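Visitor: I would like to learn how to read domains and interfaces in a model like this one. Where do we begin?

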Amino acid sequence: MKLRRTRWYNSLSLRLLVLFWALLLVTASSGFLLAIWNTEQVRPQPLAAEINQILKPLLSDNSTFGSLQTGRLVTGDYRVVAKLASRGKQRLNIAPDLSERYTPLVLRMLDANSPQQMPISDRLLVGPYVLGGDRLLLARPLRTEELIDRREAESKQREARTTTLIIGSGFLALLLGWWLIRPIKRLIRATREVAQGSAEPKLGRLPKRSDEVGELARALVTTAVDLATSRDAQRRLLSDVSHELRSPLARMQVAMDLLEPEDGGSNVHWQQLTRDVHRLGTIIDRILSLSRLENGLVNMQSEAVDSGELVAKLISDLCYADPSCSDRLKQVGEQWPTLQSDPELVRLILENLVRNALHYTDGLITLSCDIDGERCQLLVRDRGPGVPDDKIEQLFEPFYRGDPARHHQAGVGLGLALSQRAAGVMKGSVSARNHPQGGLEVIVDLPLKCA
Amino acid sequence: MSKILLIDDDVELAGMLKEILTREGMTLTAVEDGEAGLDEALRGDYELILLDVMLPGIDGLQLLQRLRQQHRSTAVLMLTARGDDEDRVTGLELGADDYLAKPFYPKELVARVKALLRRSPNTSVTPEKLAYSGFDLDPTTAEVSCDQQSLILTPTEFDILRCLMQQPDQLVSKDQLSVAALGRKLAPFDRSLDVHISNIRKKLPSNPERIQTVRGRGYRLVEMP
């Protein structure tokens, strides 16, 4: 895929900029809105009949109350709070104890057609009453129960609005977070896949995105392919070199045979040469097997394998080549499981392990097994000195060999690596530990049924 | 003097093999490429062909296929790359008698060659004619027929069938068959015998199950009802 650069108008930075800008705007305006909502007064209500009954008679006589001024007590605790005179110098007169922010409200009420009532902060406005062209607005302090009712209603309303806002904004934030995090999570998963060796990580439609996330996804796709290619090339090099070495090696073996001295090879140099040619052949064989296992070129068979029979056959084959083995190899236990597996791979693993044990130790070697639910463990234990705990992991690395000073005649150091890969093909594993009663124990863990 | 044809593009190896086989009293003719090899195989009367699978021109497997199409039953020993199981099985299915992985030990090559040469029709151990389960086998002329139809079998297939017919209706172990036909015991997981048996079955005009498989143990020739 061609690496397309992100255009500025598609870029995530621009999107985020716009987004955060919009967010800040929304936050600010919603705070503002909330403030306005919460301060907005209750609308004027129709006048309660009882209030009208008290005030109406008093305020119908033009002559008596024609000169009513603001601040005057009319009756009970009703005072005049605002007066709009029909003539005179100062036509509008509002009581000074009424806050200025109520002025528009007062004007609106003065202008109404019929008397209304309306609670403001701590009092109840009533009006307008028209007296000889003048318009009057009266007020009385709110009664305690009215005050409490009002406060409660107000706080309830405020709570409801605040809750709505919090929940709404939280939901929006969740959506936004999901929108931002989802592609990143997908990228994380894909990167893990690449690390595990996948050349085609699952990215869905991410590479098609036109922003930076899309660019990152496309870069990851390219990287995965590059990584896979170079990994393949590395493996192929080893395998190709080994392939190429085979023809000269074949010739060397034939030449060695032609050179064989008359007396059957008592010449030490000739013997050394023969051994080394043989060893080269083994190394090449092993490398090729390893690379075939690693590249998944092994077509795994799946058939019933009687592990007990396989082990018995293995022991008899090894002892056929070297009769001295028969005293050292012992098959323990009766209940050997029948695996659904690849007999050739199982044998390859066990043969490598047993040969290693024969090679590196002198004592008895036992082969036993353990069944554990759906899996079974085949155990090869020697009676040698074991392996230092910090070296156990290294045992499985290709070309690792025990103490080279002591075992200069040892194998090529590929047996355990080979066994582990072979077990991996069958969805099993090979591990080693020092047995509590001495000696190294190698455990081959295999599924009873490997699909 | 047994005449052997080697078809291998490794000229230096061919030279040395010639020396070794001459020492064993055989004559080796070496050919480097596939086309020339096929011509030579069809023209000369060779007892055995050593055939490398990787060849310039036509490869060993194609060569083998064409050779068998011409109804030539000359024994063929394939030289395969080690671990190339697929080539190996394909080769056997196409009618190769045995295979040997490269690089090989010359001693092993000589042993395999001798095993394949050992059974020319003249040196047969049981010269009497055999008949069972519809088969008629004449060891002296190396002719086989099944239900009166003549069969063209490779020497290995012939030996396997003869071995089965010598013990009619009895279980013959895989090792025994392998020793009789290939001159060696089977290596672990060696499938060559199974492939040879399947090749024989494919050549039968009817009732291939008259060669019965005894799972994991061997084969048995039974009389069909």
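Guide: Begin with the domains. Domain bounds come from an automatic or database domain assignment. This is a predicted model.

Visitor: Into which domains is chain A divided?

Guide: Chain A has domain 1 (69-142), domain 2 (212-294) and domain 3 (303-447). Take domain 2 and domain 3 of chain A as the pair to study. Their C-alpha centres lie 24 Å apart. The contact draws eight residues from domain 2 of chain A and 15 residues from domain 3 of chain A.

Visitor: How is the size of an interface given?

Guide: Often as the accessible area lost when the parts come together. Here domain 2 of chain A and domain 3 of chain A bury about 1,100 Å² between them. Carbon and sulfur atoms give 70% of that area.

Visitor: What about polar links? How many salt bridges are there between domain 2 of chain A and domain 3 of chain A?

Guide: The salt-bridge count is zero. Where domain 2 of chain A touches domain 3 of chain A, its residues divide into four nonpolar, one polar and three charged.

Visitor: Now the chains. How many residues of chain A and chain B are in contact?

Guide: 21 residues of chain A contact 22 residues of chain B. The two chains bury about 2,100 Å² between them, with 54% of it on carbon and sulfur atoms. In chain A, R251(A), V254(A) and L258(A) lose the most area to chain B.

Visitor: How many salt bridges are counted between chain A and chain B?

Guide: Five. One salt bridge joins K107(B) to E260(A), with the closest N and O atoms 3.1 Å apart. Five residue pairs are in polar contact across the interface of chain A and chain B, both residues at pLDDT 80 or more.

Visitor: Which helices of chain A each supply at least two residues of the side that touches chain B?

Guide: α6 (212-259), α7 (268-294), α8 (307-321) and α9 (343-360) of chain A. α6(A) gives the most, with ten residues. By class, the side of chain A that touches chain B has seven nonpolar, four polar and ten charged residues.

Visitor: Let us look at one residue. Is R251(A) buried or exposed?

Guide: Relative accessibility decides. R251(A) counts as buried because its value is 19%, and buried means under 20%. R251(A) lies in helix α6 of chain A. Beyond residues up to four places away in sequence, R251(A) touches D10(B), E12(B), L13(B) and M16(B).

Visitor: How far apart are the C-alpha atoms of R251(A) and T229(A)?

Guide: They are separated by 34 Å, with the two residues 22 apart along the chain.

Visitor: One case from chain B, please. Where is S2(B) found?

Guide: In strand β1 (residues 2-7) of chain B. S2(B) has 18% relative accessibility, so S2(B) counts as buried. Leaving aside neighbours within four places in sequence, S2(B) is in contact with G25(B), M26(B), T27(B), E47(B) and L117(B).

How values were computed:
Residues are numbered from 1 along each chain as its sequence is written. Chains are lettered from A and ligands numbered from 1 in the order in which they are written. This is a predicted model: local features need pLDDT of at least 70, side-chain atom pairs count only at pLDDT 80 or more; totals for chains, interfaces and linings use all residues. Side-chain values use heavy atoms; hydrogens and water are left out. Contact means heavy atoms within 4.5 Å. Buried area is the accessible area (1.4 Å probe) that two parts lose on being put together, summed over both. A salt bridge is a side-chain nitrogen of Lys or Arg within 4 Å of a carboxyl oxygen of Asp or Glu. Ala, Val, Leu, Ile, Met, Phe, Trp, Tyr, Cys and Pro count as nonpolar, Asp, Glu, Lys and Arg as charged, and the others, Gly among them, as polar. A polar contact is a pair of N or O atoms within 3.5 Å; within protein, one must be able to donate a hydrogen and the other to accept it, and residues adjacent in sequence count only if both atoms are side-chain atoms. Helices (H or I, at least four residues) and strands (E, at least two) are DSSP runs, numbered from the N terminus. Buried means under 20% relative accessible area, exposed over 50%, partly exposed in between (1.4 Å probe, protein chains only).
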